[in-house]
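Please read them alongside the structure.

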Amino acid sequence: MSKKYMLKELLLPLGLIVISLISNAQTNDSVFRLPVFEVIESPLQKNLPLSRINASQIELIPINDLGEILRRESNVSGIRKGGYAIDPIVRGYRYSQINVFLDDGIHIEGGCPNRMDPVMSHVEPELIQQIEIVKGPYLLQYGPSPSASIRLKTRPGEMAFKKGFGVKSITGYDANRNGLKQHLTLSGSNERSFIRVGGGIKNYGNYTDGKGREWKSSYHKKDISADVGYKAGKSILTGFSYKGSFGRDVLFPALPMDEIEDNTHIFSGYFNHSNPLKPDQSFSVSAYHTRVFHLMDNSFRPQYSMIVPPNTGIMQAVASVNTSTTGGRVAFSHAVQKLKFSHGADYRITKKDGTRNMLMIMEMDGQTFTSGKSFNLWKESVINNSGAFSGVEWGYKRFEVSSILRFDLNQASSGDTLLIEKNERTWFESKPVDQFLISFAVNSSYKISEKTSISLGIARGQRSGDMQERYIKFLATGYDRYDYLGNPDLKPETNFQTDLMLRSNPGKVNFSLNLFRSQISDYITGSLVPPSVARPVSQGAPGVKQFNNIDKAVLMGFEASADYAISTNTSLSFSAGYTYAYFPEIERITFENNQISGTEMIKNDPIPEIPAFEAMFSLSHHFVKVKIKPVISFRAVACQNHVSLDAYEESTPSYLISDFFVTYTPFRKISIAAGANNLFNTAYYDHLNRRLLGSTEKLFEPGRTLFINLKIDF
Amino acid sequence: MKQQINNAIYTRKLFLGLALILTIVTSCTEKKPAETSNKLNLKFSHKVDNNNLIFNEMIYTNAAGNNYEVTEVMYFISDLKLHHSDGRTIQPAQWDDIHYIDTNIPSTFDWIVGKDIPTGLYDSLTFTFGFSQARNQSFMFVNPPEVNMAWPEVLGGGFHYLMLNGWWKDLQDVRRPFNFHLGIGQIYANNSGQISDITGFVHNNFTVRPAGEKLRIEENKENVINLVMHIESWFDTPLIYDHNIWGGAIMQNQEAMHMAAINGRDIFSIE
């Protein structure tokens, strides 16, 4: 009975959309056009440490995943482990310190414990309308945002209602990887409703670095998506969306296993009500459900099928993980005189379950023996997060201020039966944990003159440990090859951050400078566990680290940018960013004769995996008559010698690379881009690139990449 | 003109800010050196008839009269305990309580078992040869060289306690390989030796108390204890082990492994 009811509920809006699409009864004049879908967005966002990437910046350049495009932003870097799925680092913040979500707070829990599938890898670049990067704990409307936020906007914009029937095709060829991609979107709409379906395929081979060395980094991806939207009356918008992403045989030479299969499903629905006559008043409800199945093994590695010395047996490992995230959000805004209020609440439940199976095949005394063992990676792990926020904005003459307060109740539990006790200390015991989190942000801005403004942001962001940090069991999840063990007793990590921003537009130059300082207490990181307590389970792991709270970490730095319009058609831009990060005090393990010999306290030790100072420069000119726009850019990255002694991190040399491409737009609806990334075929690797498995050598970046992309949008 | 001056001022301010940041960046990491007080280092060596073990030469004869040579010796010891003369039992290996020794890897001959060992006179030390039943878990080592000591799951799982590999000359004077391996033994229905007939397992680990004088741990010093494995002792005292009787492979022969476990109790001495 209830299934029938649910089916009716689903079919009713779909039916309305189809009827609406095929009927022309509704005249254009009778429908009031909604201004934007975005209901809650502070006008003070321009005063946040915020940067935006639009779809037009993504569509014609040869990127494999969204992590690659983010690396072009100032003080944003990424961890490369293979040819796909770069894991973003923003100002040195990483993993769950960054709240990555879609649209109105759709969260995805990646399946891979090695982070083969960071959140952004589950969304294809072709589906992106815009990416917002907020470098600090300021965007609190969409869940706890401890240190930074990345918002992927995928919902079709207002244009979706205006086009009638539309086709959008993006085709690309990458000569370095012999990779071909094709993405096609079909859409139909009238003034009241729209429907959009799309799908794509990517087949990319191994890439070659600047030395001509081939890296096993091939991958295959497919995706499908469907969006429908319906406007009821003048102020109500309802929409549903599905996105599916499917990865196969994605190779990661810097990890012990490769991704064999990754299936992602994202279902979401939303309802927005806004009063066009009173733009400060709005109401929105949204809900979503995301599922990820991740399967990885070492079948592409030689040790899977043959004896590789110094091993005397064959080792086979397979891991599979299922995750789901379900959530909802309600938000409304209103104004009282000059005060603009926004309030809301959200909820999400994240579940994760996974196992690893290992087989060892040995030849002994003339007989072949096979031994196998199954381990839990996660066992029915659940994290519930319920949050509420309330914000207010106020402006007076040249001064504007906004503030937001957020409370979260974070509840975690796991079905783990593992208990590790040693020397009267409990190292791992899964018990339900409730944590109460308080976050707030205050942003103020003062216009010094018509062309110059100064802003100050002060924020406190708090987060609880994630699935990995709380419950992972013995898998190499970090950069250092150690197996990691979760810690259900982790305290929440708290970030106090200050940003000072200066923006000026004196004539043809747009200039901005952002200084920041962040102090994180109870910083969550790994610390070595004695082998007598736990031994590694992953091949190649030298030991086990457990997630623990470090008293304090400090990160500070800057971003600066300048855009100069040399003429109407020529522009030049420059940006630079740097983060200096350290632990005021941390315990380091010392080694003697390849054995752990003790510990020592280190002061002011750099945090590992912090990107080096980098500067970017680009020059473009639009030849209007021939409809050609060449762009040349340079990216200079300094050597990173400020490396962690505690983590035995190695320094990285500097590099300079250049990209060049030309876009040609013969007609308004057709664009062609062709060029070369890493024009001079420089052999280089970034400080954050992981090491090749079984060696100290870092994974190199691709060498010269010739590409051609075609976009057709009717 | 005014605009150009303004631009210049802005640029100057920018560089001032960057210079300030670079100044902050120049602070250095400080290290507090590790303490090495009362360190204990167990040094392992291997002898035959009180002479250093010479590999790959058929120069030894055991109590059963077998001529033999040794190619390699690999073994685990665990659960080390020091017995203080005041009655306390100290477990120094709190950090890593299992140690692997491999004659192919000289760095394994030293086991730094801990620091801050209580000073004084110790009556003796004891350890488990191999692993206790609770400790001997399959897949607890996944990296070479330890992983190569894995004991097949079907034969009881876990890891070899010992691999003593070499050659002996049989009664026909033919040079034949022996794999004198010790681990979990199996009980076979009707002594068939068939894997499908296994009805139970026997844990052959044993406790060793090396012979020798009392030990002294001194303050602020690296205390070294030399532990010598007497290879010939695997084949005698108290039981005479004859390769011609037991053959080259004993992993599936509990009777032979039981003999090895009995003989192994006195294989170590402190020198």
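1. A residue is called buried if 20 or more other C-beta atoms lie within 10 Å of its own, exposed if 12 or fewer, and partly exposed in between, with C-beta atoms placed from the backbone. Helices (H or I, at least four residues) and strands (E, at least two) are DSSP runs, numbered from the N terminus. In helix H3(B), the buried residues are Gln254(B), Ala256(B), Met257(B), Met259(B), Ala260(B), Ala261(B) and Asn263(B).

2. This is a predicted model, in which local features need pLDDT of at least 70, side-chain atom pairs count only at pLDDT 80 or more, and totals for chains, interfaces and linings use all residues. Residues are numbered from 1 along each chain as its sequence is written, while chains are lettered from A and ligands numbered from 1 in the order in which they are written.

3. Chain B has three helices and 17 strands. Of its 271 residues, 34% are buried. Two residues are in contact if their C-beta atoms, placed from the backbone, lie within 7 Å. Among contacts in chain B between residues at least 6 apart in sequence, 69% join residues at least 24 apart.

4. Helix H3 of chain B spans residues 254-263, and seven of its 10 residues are buried. The cover over those buried residues includes strands S11 (175-182), S12 (185-188), S13 (198-202) and S14 (206-208), as well as helix H2 (243-246), of chain B.

5. A nonpolar core is a set of buried Ala, Val, Leu, Ile, Met, Phe, Trp, Tyr and Cys residues joined through C-beta atoms within 7 Å. The largest one holds 181 residues, and those touching the most other members are Leu485(A), Ala553(A), Tyr75(B), Trp234(B) and Ala260(B). Strand S5 (residues 67-84) of chain B gives this core its largest share, nine residues. Leaving out residues up to four places away in sequence, the contacts of Trp234(B) include Ala260(B) and Asn263(B).

6. Met360(A) belongs to strand S17 (residues 339-364) of chain A. Met360(A) counts as buried because 22 C-beta neighbours lie inside 10 Å. Beyond four places in sequence, Met360(A) contacts Gly313(A), Met315(A), Ser371(A) and, in chain B, Ala150(B).

7. Two strands pair if DSSP finds at least two bridges between them. Chain A has an open sheet of four strands in the order S1-S5-S6-S4, with mixed pairing. Strands S1 (50-54) and S4 (98-102) of chain A stand at the edges with a single partner strand each, so one side of each has no neighbour in the sheet. S4(A) runs parallel to S6(A) (residues 148-153), joined by five bridges. Val100(A) has Ile150(A) as its bridge partner in S6(A).
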